[in-house]
Amino acid sequence: MDQAIAPRSLRRFGLQTGHFLVLALFIIFTALPFAWMLITAFKQNTDLYNPLNNPFWFNEPPTLDQWRYVFTKTMYARWLVNTAFVGVMVVGITLLLAIPAGYSLARFLGRWGEQLGIGIFLVYLVPPTLLFIPMARVVTALGLQNTLWSLVVTYPTITVPFSTWLLMGFFKSIPRDLEEAALVDGYSRLGAFLRIVLPLAVPGIITVIIFSFTLSAQEFVYALTFVTATAQKTVSIGVPSDMVRGDIFDWGPLMGSAFLASVPVAILYYFVLDRFVSGFTAAGAIR
Amino acid sequence: MEGRKEEVHWVQVAEGKWRRITRREFLKIAGVGVAAASLGPFIFTEKTAAQPVRLRVLQWRHFVPPYDDWFDKVFAPRWGAKNGVQVVVEHVGVADLPAILAAEASRVARGADPGHDLIQLLSPPAAVEPLVDTDAHREVIEELVNKKVGPYIPLARMSTYNPVTKKYFGVSDNFVPDPIHYRADLWRRAAFRVTGPERVPSKGPITWEHIRLAGRELKKLGNPVGLGLSQEIDTNMFLRALMYSWGTSEQDEGSNVIIDVPPYRQRTIDALKFVKALYEEAMFPGVFAWTAASNNEEFLAGRISIAMNAISITRTAQALAAEALKRGEDPERSPAVQLARNTEITERAPAGPAGARGLEHVMGVYIIWKTGNRRVTEAAKKFLIDLILSYDPDVATKEGWGPGKFHASQAYDYPTFQNAIPKAKRLAYLTNDPVSKAAGDRPDKLATIETAYEWAYNVGWPGPSNAAIDEIFNTFIIPVMFARVAQGIDTPERALDSAAAEMRRIYKKWRDQGLVGGRR
């Protein structure tokens, strides 16, 4: 008996070790860049430029100079606020347009709905690097040049098509029977949608929120061409344009500001990760 | 059920005429009125003649931080107050300028507001000539020459004047010399190791051949030569400087493609072979992944021994040394101070078989958009003229413009109107350079950049920096040609033929638009 147990527990031990090893490698792979960013943000410049120094630890005493630069020599705090403002507005507009559009395509247009959904998704594939020149004219015509509103108006052109397509698939996966039962019970179409369909679509909606917010926070080309006033910049454009001087990169401030900007997004992901994953995977699983 | 009695109000609808309205109507009218009153000023912003002129300036975030401080906080506001102009200055990264230029050009083409009135670019923007105010540019240049701060040096004229249309598509306010930087301590060791009939001077390279010979030893010492062979600005400059020193070029004076035409063909092939040898003997594979920041970072990290760049390498080394001295490090033992002291620049561009020809590292060129707004254009012209006059520290002091452009840029911006700051004043600064002194470095270290007037040529030399040259530059045809040969992917002949065919296609496109001369 003992002889039979020994290989089994050895196998379990091996499996667990392998499991932890893979997990450890994955954690190092994903967390190392952030750790490196954080360490670099506290290093002195002379420490950074010495190739004999260990890049992953302090070879000279840590300093707050890089952070002082970020918060006193640049408008970083303002850029964070701008980014949050644009992100929230874009999320709002995207939800307002994509939820009804996705639901309509899923429920009312039959086979045409699918074709239209694919058509809308194809719009998402047109790269902003091609669109920024005509879009610059639209922004000027609207009188929104050099304002955050130019981004609030243009980012939904990227987020709405993808979100509509995503939500369309999600709404399709919700059985019609549930809605029909609600209609029989006396709900209006809107009532059934709000009380029955929408709560079931929460993972999809969270996916749209995260997608729209992170896209707004990281988009570059539109932000670069529509906004040049330093006080109106978002993080994605303020950091590279104000912390790179010609061919000199201010690595300490760059790393510090990049790290700080990624913290809120990381927290957001942490709290809604399960629902976010199910938003991508559960479409079709609600039965 | 009895309906609720509605409260009524009386409103005047015309003189002597009153009407009774319900409470609901009253609230609607009041609401609309309040909204209109609050939003009106933001929606209806009609400009009147009494409003001050607003001049919107866009320029790169300067390599020297105190320059931006001076420009934004001293020159622009004081100039604006004196001239009754509201000056708004915005900065972007140098790499971001082309995208913004493209977006603003599309607005000007449509007759819309471009977003800025005056833009400083760092390379000659020949392609936007139809959209800029060429008359205004010419008037600025003529006025500055009349004020006796000229001559407008040939490098600047070749970078801003189109001989086909006889128009100035920009006004250059400065150029930045592009010398070779080398580590003096390592160079001496390498020079000592080069033996036989081929010798190299211990005081630094004079020719490209010196760089190859010493580079061989430098690579053995673990500090190879770092000259890019990738698709980025420094590679573009290095390879053109080398080609021009070999007596070949993309075009001739008349904008005919000559790179593959005898006798230039053989010279180009010789240059290609030299770079292949230079790479194999003295460089390392990292040069194929070079970026605009690589030469600075690799040099300052002590990995490479030779780079070609603006004086930003020296200045950054000095900034690190000054930091170390502030911390109380012993200058004789501080690695940062020693690096600064051992960072030297060559007196001239390295020579090839046909001469010692280098380039500008960047070419500061301002453009004024053609918007038809005379008041703004006049303000832009005056601003530009006074900015260039502010090079002279005495003029700047007299006008209340602080230290002036030359001192504020720490000699990074070199004047294209050669007497905007007279030579004696340039040398007075460079031989007693306060930045070098603060770093514990030789105070006259950078004095030799003055010679750049003799060896710095424009991109496209001996022809003008036209729209075809600009496109060839931005599509990296020359770096690709050299890199393919250096990597052994193509023979020199095949790489040259392929590049020349591509260049002719580009020339044809711009000739068809009437912006580029030549026939071949």
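This is a predicted model: local features need pLDDT of at least 70, side-chain atom pairs count only at pLDDT 80 or more; totals for chains, interfaces and linings use all residues.
Biologist: Is helix H19 of chain B itself enclosed or exposed, and how many of its residues are buried?

Modeller: A residue counts as buried if 20 or more other C-beta atoms lie within 10 Å of its own. In H19(B), residues 467-474, six of the eight residues are buried, so the helix is largely enclosed by the rest of the structure. The buried residues are Ala467(B), Ala468(B), Ile469(B), Asp470(B), Ile472(B) and Phe473(B).

Biologist: What covers the buried residues of H19(B)?

Modeller: The cover includes three helices of chain B: H8 (233-245), H20 (477-486) and H21 (492-512).

Biologist: Now a strand. Which residues lie on each side of strand S5 of chain B, and are they buried or exposed?

Modeller: In S5(B), residues 118-121, Leu118(B) and Gln120(B) are on one side, with Ile119(B) and Leu121(B) on the other. All four are buried, and both faces of the strand are covered.

Biologist: Which strands pair with S5(B), and in which sense?

Modeller: Strand S3 of chain B (residues 53-60) runs parallel to S5(B), joined by two bridges. Here Val57(B) stands opposite Leu118(B). Strand S12 of chain B (residues 358-368) pairs with S5(B) in the antiparallel sense over four bridges. In that pairing, Ile119(B) stands opposite Ile367(B).

Biologist: What is the strand order in the open sheet of three strands in chain B?

Modeller: The order is S10-S9-S11, and the pairing is antiparallel. S10 (306-308) and S11 (343-345) of chain B stand at the edges with a single partner strand each, so one side of each has no neighbour in the sheet. Neighbouring strands are turned by 25° against each other on average, direction ignored.

Biologist: How many bridges join S9(B) to S11(B)?

Modeller: Three bridges join S9(B), residues 180-183, to S11(B). One of the residue pairs is Tyr182(B) with its bridge partner Glu344(B).

Note on methods:
Residues are numbered from 1 along each chain as its sequence is written. Chains are lettered from A and ligands numbered from 1 in the order in which they are written. A residue is buried if 20 or more other C-beta atoms lie within 10 Å of its own, exposed if 12 or fewer, and partly exposed in between; C-beta atoms are placed from the backbone. Two strands pair if DSSP finds at least two bridges between them. Axes are lines fitted to C-alpha atoms, for helices over the stretch in contact, and angles run from 0 to 180 degrees between N-to-C directions. Two residues are in contact if their C-beta atoms, placed from the backbone, lie within 7 Å.
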